[in-house]
Amino acid sequence: MELLIKNGFVFDPINGINSEKMDIAIKNGKIVDSIQEKNAKVIDASGLTVMPGGVDIHSHIAGGEVNAGRLLRPEDHVKDVERKTAITRSGVGYSIPSTFTTGYRYSRMGYTTIMNPSMSPLEAKHTHEELSDIPMVDKASYPLLGDWWFVLEYLQKGDLEECARHIAWMMETVKGYAIKIVNPGGLESWGFGRNVHSIDDRVPGFDVTPREIICGLCKVNKMLNLPHTIHLHTNNLGVPGNYATTLETMKCLEDLAGDDKPVAHITHLQFSSYKGRDWRTMKSGAEEIANYVNNHSHLTMDMGQVIFTDTTTMTADGPFQFNLYNLTGHKWVNHDVETETSGGIVPFRYRRKNVVNATQWSIGLELALLIKDPWKIFLTTDHPNGGPFTAYPKIIAWLISKKARMATLKRTHPKAIKRSILSSIDREMSLYEIAVVTRGGTSKALGLKHKGHLGVGADGDVAIYDLNPESIDLPTDYKVVRKAFSRAKYTIKGGQVLVKDGEVLQEMYGKTMWLNVETDEPCRIPEEMKTKFRDYWTVEFDNYPVSDHYLRSQSPITVKASI
Amino acid sequence: MIVLTPLRKFQFPVMAECISPDVFQGKSRDEIASLTVYEGNRRKKLGNLFKIEKESAENLKITIKGDVNEVRRIGSGMKSGEIMVFGNVGMHLGHKMEGGKITVHGDVDGWAGSEMKGGLIEIQGNAGNYLASPYRGSSVGMRGGRIVVSGNIGTDSGASMQKGVIKIHGKAGHFLGFRMRGGVIHVEKDVGDRAGACMTGGKIVVSGSLESILPTFTIDKMKPKVKIDQNEKVTGPFYVFLGDRSENGKGKLFASKAANPHLSSFEKLL
C-alpha cells in the first residue's frame, strides 16, 4: 500500500525541517523518497500541519497498578462512557481508561508510540497482556529495577559487570525497554514502613545508598549501550523542599557524562521542584532547577504537568502515596510487590482554588518554559498522576500562548501567582518546538531510530492537524490550536490511515518493543538465584519469564553491549 | 400537560432519560413520540412504548398513568417543571435532579434522587434502597433539595449526603446516612442498625426506635427540640450522640428518649 501526503507544512525537528511545504511518501509502512502518484492513495494536506506521529515518553497505561486503579474507581468510569461503534469497542474513561479506549484516544490525538513507564518484573506478564490489548499504538515498558534485590546485592558487592549481565537478562526475561528507577532505596525501605530522605541515606537490609543505586545503574546502562538512559523518579518526590534533593541527584550524575549525550532522564520533574518547609510555605523551585539544567547537558526531563481535574495518582512510590492518602483521606491502595517494588494508588482532585495545586500547575509550565532547550524537557502529565493524557492539547495551548496561561492563572488561587514566576515569563513556543516536545525530542531521548521523524526509512507514522501555520497567529488563536491537537485531521500508522477528522476509521494493533541485549558472556543465573526464588518469591523461577505468547506482536530491538 | 400511559408491561429495563420537562419543552406530540429510549439493548422510540397525549400547549407538566416499574431514569437531570406518576416507578428516579418537582403516587425502586442537587421529590408509597445515595465508589452524595417519603425506605439511604433534607414518615433500613457530611435526615419511625456509620457532619434525627448505636459514637447531651429546617421543629426529648469518632466526625445523631428506653444507660455518662 502506498500513500502520498501532498503539500502539507511539514514539521520534522530531527531532520531540521521547519514548516516546509513538501510531500511525504510512504511505501510498505516506511517513509520513502518518492513514489508514483498514480498508484498511491493521495491525501491533500495543503494548508495543514504535518508532523511525525506523537511519541509519549511517560504514560501509565497498563500494568498491575493501572488495573488496581480501575477497580478502585468506578465513579471515574461512570462519568465517561464511550459507546461501541461499527469499528471501535465500547469502553470507559476518564483518568484510567480501559485498554481499547486508551488506544483510540491516543490515536485521535495523533500519537502513535507510547511508553509505559513502570512495570514491576513480577507483574510483567499482566502488563504485556494489557499492552497487547491496546490498539492503534506501538508501545514498550520500563521494568522497575532500582529496588530489585539482585541489583541491590550486586551494587553492594560492587560487581557492576555482573549486574549489567543480570539486567541484560532481565530485559529479555520481562521484555522491557529501559531501566526505571523509582525513589531508589525508598521502596525497599517502605517494605519496613520507612523511607529514605536524602540520596545518602542507607537502605535498610543493604549496604547501599540511593546515590550508589543511581550512579551504579547509570554506569550499567552505559555498559549495555541501552537506547534510552536510566529513567529516574527522584527521592523525596512530592515533598516541599525537594528541589534540593533533585539538584543533588542531578549533580551526582555530572561525572558520568562523557560526551554530550544525556545519561539520565528525570521524569515528571514538576513533582520534584518544590521549595519551602511545608505545604503552607511551599513555592516553586523551578527557577533553580532550570538554571542548573540550562548550564548542563547530561539530562533529559519531562514535565509531569498538573491539570485541574479529578484524577487518580498511581506510582510505585509507596511512601509518597501513603503521605498523599494521609493528606486527602481519600481511598488508598497499598501494593507491595514481593521483593521487587511497592506501589500505591490514591484518587486526587487538583483544584484551581487550592494554593498548592495552583502552584504545582505553575511549576510544570515554568520548567518547560524556563529550560531553554526543548530537546531537554518533554510534554507529559505523568498520566494519570498529573491528569489524563487527553489534556495534552490544553498544555500545548498554555505553552504556545501567554494569553492562555494568564487566562487560567487568573482563575486560580490569588496567592499562587506570587509563589512562582510564571506570570513574568514571556516565552511562547512555536509549532516547531511543540513538535520537539511531543515527538522529536522524546523519540531522540528514547533512542528510537524509526520513530518521531519523517526521514527516509522511518516508520510511516504521521499525524496531520488542521492548522495552517501561515494564516494562524498561535498566541491569540490558542483555542483553535487546542482543538486541532485534540482531534487529529489524520493519524497514519505504518502507512495506514487510522483516524480521520478525529474519528477512528480502522482498528490496528501496534507492536510491543523490547530490548534483546547481547553480552559477550551470558548472564550466570546461579543456582543461588533459583534457591532464592524458592525462598522469597510466590512463583517458580521457570514460570517467571514472559513467554512470547503474552505479546500479540513484538519487535525486539537488538543491542550490542560493550561487556 | 403531557400524559404518558405505558402501552404494555415492559419485560426488560427501559432507560428513559428523555422523560423530563426540560426535554419535552417546546416539542410537538410527534417530536416527543420520536425521542430515543432503550428497552434492554434495543433502541426504541418513546411512542413505541407509551401512549402520548398532549392536553395543553405547555409541556412543563408530565403525568404518567400506570405502573412503570421497569422504567429507569425518569426526570434525570431535570431543572424545572413537574412530573406526576400514578403507579410504581423504577430505579434512578430524578437522578442528578436540579430543580422542579416529582410526585409519585406509588412505590419507587432504588437510587431515587441520587446525586440530587435541588428540587423536590415526594413519594407517597415506599422507596427502595440507596435513596439519595451516590453510585458505588462515588463520594458525591445529595447536594441540595428535599425528598419526602410517606412510607418506608430501604437500606444505605442518604449516603455521602452533603446538603438538603430527607424526611421519612415510615421506617428506614440499616446504614442510614453512611459517610454523611451535611444535611438533615429525619425518620419518624424505626431505624435499622449502624445509622450514621462514618459520618463526619450533618444530622440524623430518629423519632422512632434506633436498634443500636455504633460504639464509635459518644453521647453529648439531651435536647428537648431539634430543628429540621426553617419551618419545622421536632419535639423530643432526644439523646444527642456525636460521631463517627473513628473518622474524627462531628455528625449528630438524635434518638428519641421516649422510643428508646434501651439507651437510657447512656444518661449515666452525661
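Student: In strand E9 of chain A, which residue is the bridge partner of A:Asp56?

Tutor: Strands here (E, at least two residues) and helices (H or I, at least four) are DSSP runs numbered from the N terminus, and two strands pair if DSSP finds at least two bridges between them. In this predicted model, the partner of A:Asp56 in E9(A) is A:Ile114. Strand E6 of chain A (residues 54–56) is joined to E9(A) by 3 bridges, and the two run parallel.

Student: In what sense do E9(A) and strand E10 of chain A pair?

Tutor: E10(A), residues 138–143, pairs with E9(A) in the parallel sense over 5 bridges. A:Ile114 has A:Lys139 as its bridge partner in E10(A).

Student: How are residue numbers, chain letters and the limits of the model to be read?

Tutor: Residues are numbered from 1 along each chain as its sequence is written, while chains are lettered from A and ligands numbered from 1 in the order in which they are written. Because the model is predicted, local features need pLDDT of at least 70 and side-chain atom pairs count only at pLDDT 80 or more, whereas totals for chains, interfaces and linings use all residues; side-chain values use heavy atoms, without hydrogens and water.

Student: In what order do the strands of the open sheet in chain B lie?

Tutor: The 4 strands follow the order E4-E3-E2-E7, with mixed pairing. Strands E4 (42–45) and E7 (71–72) of chain B are the edges, each pairing on one side only. E3(B), residues 36–39, runs antiparallel to E4(B), with 4 bridges between them; B:Tyr38 is partnered by B:Arg43 in E4(B).

Student: How many residues does each chain give to the contact between chain A and chain B?

Tutor: With contact meaning heavy atoms within 4.5 Å, chain A gives 5 residues and chain B gives 5 residues. The buried area, which is the accessible area (1.4 Å probe) that two parts lose on being put together, summed over both, is about 350 Å², and carbon and sulfur atoms give 61% of it. A:Pro74, A:Glu75 and A:Arg83 supply 65% of the area that chain A buries against chain B, more than any other three residues.
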